[in-house]
Amino acid sequence: ERERTGRESTMPKKSKEDADSIENITRMIKELHDRQKAAEAELKRASDEMKTKQAQVELARNDLAKAERERERTGQEADAAVRMLSKDDTSIPSLIVTGLQTMGYAFVDKFLGDPLASYVRQELVNMHSGGTFNSGELAGGKTGKNLKYVLPSVRGDLIRYVRGTEEECHNIGIYVQILDQIILQIQEQVDELKGEVIKRGQIMCTCYPGGPDETAECGQGGPCRYVRHCDNPDRNGRCLTAILYLNPNWEPKHGGCLRIFPFSKEGDSLGDAADLAPLHDRLLVFWSDRRCPHEVMPTKAYRYTVTIWFYIERERDEAIRTPDVDEEKESLRILGEINKFKEEFGGVPRPPSDVATPSCGGGRLATVDLEELD
């Protein structure tokens, strides 16, 4: 016991100075930890701020690049508009007039030029992919108030009517302004149009959702078409039909030609039917009345167009004032038409969508608002 006690008595005892030193060291360690945490927080704040500034710089660069692209685009559009609207350039209207007076139709390739033609096409693609197109309607009669139906085996297009002033139709609006000037120049050179008030109808944006599968229906991977018809069979006011085709890389295997059967005003045939391929940036103009019955041949690829009808205001007003139609007889006629189509082309008719769209016969178009040519 003495030996154990002796050993314990030789161990040093902690002094007050040692305790104070340990406390100081502990406090210093804590301060160092706190400073380290503060430094890490400051480093994170600085890193986050740098990332924010980098994102702002990248956003500014993107905005600058976008502005430069927009400047280039508008410059090219302006150049195209100036070229097309030039008073000195009468070649296109004269070419169209010659075609109208000889065969009833004429076409001009590379009408708008790129990139404007491609911009117009992209606006159609955007509207179509956005789900704003509806199936084209058939019948409706001269007044447009009678039976209407959808039958893709007969008329397989999807359509949307616009005015060209919508935000998503900026480039379509530019095209319309250019076309207006061409039509006004055509009017000056065609006797039957001189002295008439010509107005423009709404703009029909169209897609034929065709596919290559011959065993499938239109819209489900099979070809789409529009059977032979006339845009103005009953003096509804339409005088000229203008179609702009917007299909880059179109190939013969895609089909989709517009087949025109040209006739004189007296009803005499002017020759064999003409097949016009829907080539990108091709403008086609033809008489809307019985001089140019036409059909869209089966198309096996997506086929985009912009169609505009120009009206003689006097005839259109007469069609509105004097709709001399027996609606009951007209209903029976339409039912007979449906049965004939079913026998010849197959398919099951269905009611049109809730969205009102002008019918193929043009009757309802006789009551739509028309626009002055710009």
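Strands here are DSSP runs of E with at least two residues, and helices are runs of H or I with at least four, both numbered from the N terminus. The model is predicted: local features need pLDDT of at least 70, side-chain atom pairs count only at pLDDT 80 or more, and totals for chains, interfaces and linings use all residues. Residues are numbered from 1 along each chain as its sequence is written, and side-chain values use heavy atoms, with hydrogens and water left out.

Start with the whole protein chain. Its secondary structure comes to seven helices and 14 strands. Of its 374 residues, 43% count as buried; that means under 20% relative accessible area, with a 1.4 Å probe and protein chains only.

Next, select residues 198-209. This is strand β6, and arginine 200 is found in it. Is arginine 200 buried or exposed (over 50% relative accessible area)? Arginine 200 is buried, with a relative accessible area of 4%. Now show the side chain of aspartate 180. The side chain of arginine 200 makes a polar contact with it, at 2.7 Å. A polar contact is a pair of N or O atoms within 3.5 Å, where one must be able to donate a hydrogen and the other to accept it.

Move to residues 294-299, strand β12. Five of its six residues are buried, so β12 is largely enclosed by the rest of the structure.

Which strands pair with β12? Pairing needs at least two bridges found by DSSP. Select residues 224-229: strand β7 runs antiparallel to β12, joined by three bridges. Tyrosine 226 has valine 296 as its bridge partner in β12. Then select residues 258-260. Strand β9 also pairs with β12 in the antiparallel sense, over three bridges. Here, arginine 259 has glutamate 295 as its bridge partner in β12.
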